[in-house]
Structures are given as C-alpha cells and as structure tokens.
Protein chains: 2
Amino acid sequence: MKKGKLYGIGVGPGDTELLTIKASKLLKTVDVICSPRSAESKPSIALTIIQPVLDEREDEYEIVDPLFPMIEDKSELNLYWDHAADRIERRLEKGLNVAFITLGDPTIFSTFAYVADRISKLGFEIEVVPGITSFTGCAAASGISLVEKDEILVVVPKVDDRLEKILPHADTFVIMKTSRHSEDLERIIEADEREKTIFSVQNCTMPDENIFKGFSKDKKYLTTTLVKFSPDKKD
Amino acid sequence: MKKGKLYGIGVGPGDTELLTIKASKLLKTVDVICSPRSAESKPSIALTIIQPVLDEREDEYEIVDPLFPMIEDKSELNLYWDHAADRIERRLEKGLNVAFITLGDPTIFSTFAYVADRISKLGFEIEVVPGITSFTGCAAASGISLVEKDEILVVVPKVDDRLEKILPHADTFVIMKTSRHSEDLERIIEADEREKTIFSVQNCTMPDENIFKGFSKDKKYLTTTLVKFSPDKKD
C-alpha cells in the first residue's frame with residue numbers, strides 16, 4: 001500500500017487570506033490536520049487561522065493536536081516531539097496524508113523541524129509549503145520596507161550577547177517575541193547612535209492587531225519588533 | 001471623486017500557487033496591474049507568475065510596465081522611479097486601484113519601496129500585501145529549516161566586508177543573488193571552521209528549479225544560497 005505524505009504547511013501570521021493558494025488546496029484535501037497546542041486549555045492559533053478553509057470541506061478529516069508545552073528542558077521536549085511523530089507515523093503508515101500546520105513559515109523558528117526530522121528518518125516523503133513570515137507581515141502592517149539595496153537584515157529570536165556584536169554591522173533588525181526581554185532590547189538598541197525607526201506589532205494581521213511606534217510595553221506573546229536604521233547615517 | 005488605492009503585492013518566488021488568497025483576489029479585481037521590467041525585451045517574471053490568475057478575469061484591466069533598468073547610477077534610477085510613480089499617480093487620481101506586483105515580498109529588496117515612497121508623499125492610500133520570500137521558498141525546496149530555537153538569521157544581498165564581521169555571531173546565512181559574487185562568498189564561508197550545510201537554489205519553485213549542495217557555479221540571476229552552521233559546533 002502506498003504510504004502517506006507529510007506536508008509542513010505555513011499558515012502565515014494570522015489573516016486567513018494570507019494562506020497561499022497551495023496551502024488552502026492542500027488543507028481541503030489532506031486526511032489529517034496536525035496542529036500542536038502549547039497548553040491543554042489553549043486553542044491552537046494556527047488552527048483558528050485555517051478554520052474558515054476547513055469549514056468549506058464537506059468530507060471527513062481528522063484533527064490531531066499533540067501537546068508541545070513551552071518548556072526549556074530538552075529531554076522532556078524530545079518526549080513530546082517523539083510522541084507527536086508517533087501519532088503522525090501511524091497515520092502515514094496507513095496511507096493517510098498529514099498536514100502539520102505552523103504559524104508563519106515552517107522553516108523559521110517552527111517546531112515542524114523536530115517532527116520532520118523524525119518522520120524523515122523513518123523514510124516517509126515530506127513536502128514543505130512556505131508561509132508568510134510574521135516579520136514580512138509586520139513590515140507590511142507598519143508600512144515600512146525591511147531592506148533595500150545593499151542593506152543587511154538580521155532576525156533574532158531573543159536578546160543575547162550576540163545581538164550587541166552584530167548590531168553595528170547591520171541595517172534592519174527583527175526581534176521575534178520581544179515581550180520576553182523588552183528592557184534589555186531597548187537598552188541595546190538605544191545605545192546605537194544611528195537614527196532609527198522602531199515599530200512593534202502585536203497579533204499581526206489578526207482582528208486585534210496592534211501597531212505602535214517604539215517598543216512593546218506589555219507582555220503579549222505574539223509581538224514582533226522591527227528596528228530600521230537610517231541608510232544615510234550608517235557607519 | 002474617490003481616489004484610487006495602491007497595493008504593493010508580493011507574488012512569491014515563482015509558483016503561481018504560492019500567491020496568497022488575498023493577492024489572488026486583489027489581482028482579479030484591481031483596475032491596473034503595474035509590473036516593472038528590467039529590459040525592454042524581457043518579460044517580467046512577476047507578471048508571468050500571476051498570468052494564470054489574470055487569465056481567469058473576464059473584465060477589462062490595464063497593464064502598465066515601466067522600465068526599471070539594472071543600473072547603479074542613483075540619479076538616473078530616480079528618473080525611472082519618478083516616471084513610474086507619475087504613471088501610477090495619473091491612474092489613482094482617476095479613482096482606479098493599482099496593484100504593483102513584486103517578486104517575493106514587497107518589503108524585502110523590492111523596488112516597490114521607492115515607488116511607494118513617492119505615492120505616499122502625494123497622499124494616496126497604500127496597502128502592502130506580503131508575499132512568500134525567496135529564502136523561505138528556497139529553504140522549503142531544499143528541505144532544511146532556516147532557524148530553530150535561539151539561532152540568528154542573517155540575510156545579505158551582496159558580499160561585502162560586513163559579512164565577515166557578522167559571520168562568527170550568526171547561525172544561518174541567506175545570500176540573495178549569489179551569482180554576482182560567488183568566489184568571494186565561497187572564500188569567506190569556507191574560512192569559518194564550523195560545520196556547515198550549504199544549498200543553492202536557482203529559479204526556486206519555477207518549472208526549471210535547480211537545487212544543489214554547495215555554491216552555484218553559473219551566473220543565473222535568481223540564485224539564492226543558504227548556509228546553515230551546525231548548532232552543536234558553534235562558538
């Protein structure tokens with residue numbers, strides 16, 4: 001019997017219409033939707049985004065929602081990923097196609113990488129369908145261009161000592177999930193004397209999207225900060 | 001009379017199905033499609049990508065294709081952008097909606113920034129619709145994840161002396177249009193002693209897509225190189 005195929009599908013930052021045509025078609029035809037949750041009680045944001053597409057389906061499909069808790073312990077996380085991969089494997093083995101959905105793009109800070117690694121080693125076919133990344137979504141919402149001409153773009157998931165080393169040599173910074181470390185970030189960025197434009201975007205392209213100049217002061221999870229240094233003032 | 005609106009629409013890396021639902025809907029309803037060409041004789045790649053969507057239209061629409069030559073002279077380029085902005089302005093003034101299409105995403109190394117700047121100063125409404133960037137498209141095609149956990153992503157449009165300064169502090173590098181400077185790039189990357197995986201992708205997601213390990217040796221325009229340093233071996 002033909003084995004199933006695993007699709008890693010980026011669902012974009014929040015607006016259902018930012019799904020690609022390809023993602024939308026696949027989500028209407030796969031047998032299984034795999035949508036990880038960070039907590040038992042929380043609905044998956046990625047699943048909420050694709051719901052209007054699933055609502056158009058008239059056939060049966062299954063939703064598998066493994067738990068991927070936000071913990072730091074590597075060996076405990078591995079157990080969760082192993083378990084998710086097991087659940088996916090059993091369906092692929094039966095010839096079912098599975099779409100693993102991920103906020104933004106599957107190749108940028110996504111847990112899809114860990115699951116794909118396991119499924120790939122088992123010999124199943126995998127296809128990645130790229131999605132709109134949160135930072136291009138945020139740049140579009142803020143009305144600024146991220147990079148032009150010879151500018152260098154740096155994307156950092158957290159503030160660590162490497163940011164200070166890279167800062168003087170790049171033009172535009174994207175800091176993902178800034179709420180986790182906004183004070184350190186503010187200090188590091190303000191210490192750079194170049195002229196800069198700063199935008200923070202919470203819940204980009206969602207109904208409760210919030211765009212403001214400067215840094216984010218509250219602790220919303222889905223906040224991205226864009227820092228663009230002026231092209232004429234760089235070293 | 002109500003003025004028209006300018007849309008900056010990212011059409012993705014090459015596959016028509018990587019258009020977003022939002023882009024596809026807008027392209028079927030706007031009055032004017034503005035699609036820059038780099039040479040009189042060359043068809044616009046972005047226009048080729050959206051052609052199947054335009055073919056579904058039964059109503060009339062206009063295509064405006066200003067020339068944006070690949071030259072370095074800033075003041076000469078300004079004249080071309082001024083001219084394109086004039087052509088767009090005349091249509092917006094008449095109440096027509098205009099979609100300016102751009103390969104990849106309008107906020108990442110796109111000429112849309114220059115045109116939007118001019119149109120914005122004239123007081124017209126502008127909306128940016130993000131597109132799949134070439135580098136997430138290339139990562140998906142290569143089957144690798146760009147960044148995970150605390151990794152830092154750097155995107156550079158050309159090889160200059162800043163790349164060597166940033167290199168030791170980052171994990172993944174995307175070099176756009178690598179064919180312009182592949183020898184320098186190869187030397188700089190190879191000098192970094194960390195273990196690395198290198199993929200180059202030509203004409204990503206297009207019918208003549210070509211993916212290979214290592215650097216690109218020929219001079220195709222649409223080549224992107226991904227360099228990922230191994231997480232366990234970093235400094």
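## Basis of the model

In this predicted model, local features need pLDDT of at least 70 and side-chain atom pairs count only at pLDDT 80 or more, while totals for chains, interfaces and linings use all residues. Residues are numbered from 1 along each chain as its sequence is written, chains are lettered from A in the order in which they are written, and side-chain values use heavy atoms, with hydrogens and water left out.

## Overall form of chain A

Chain A contains seven helices and ten strands, where helices (H or I, at least four residues) and strands (E, at least two) are DSSP runs numbered from the N terminus. The C-alpha trace of chain A spans about 65 × 40 × 35 Å along its principal axes.

Of the 235 residues in chain A, 57% are buried, that is, under 20% relative accessible area with a 1.4 Å probe and protein chains only.

## Nonpolar cores

A nonpolar core is a set of buried Ala, Val, Leu, Ile, Met, Phe, Trp, Tyr and Cys residues joined through side-chain atoms within 4.5 Å. The largest one has 41 residues, and those with the most contacts inside it are Ile9(A), Leu27(A), Ile50(A), Ile9(B), Leu27(B) and Ile50(B). Among the elements that give two or more residues to this core are β1 (5–10) and α2 (45–54) of chain A, together with β1 (5–10) and α2 (45–54) of chain B.

A second, separate core of 34 residues includes Val156(A), Ala170(A), Phe229(A) and Leu185(B).

Notes. Buried < 20%, exposed > 50% of the residue type's maximum accessible area, 1.4 Å probe, protein only.
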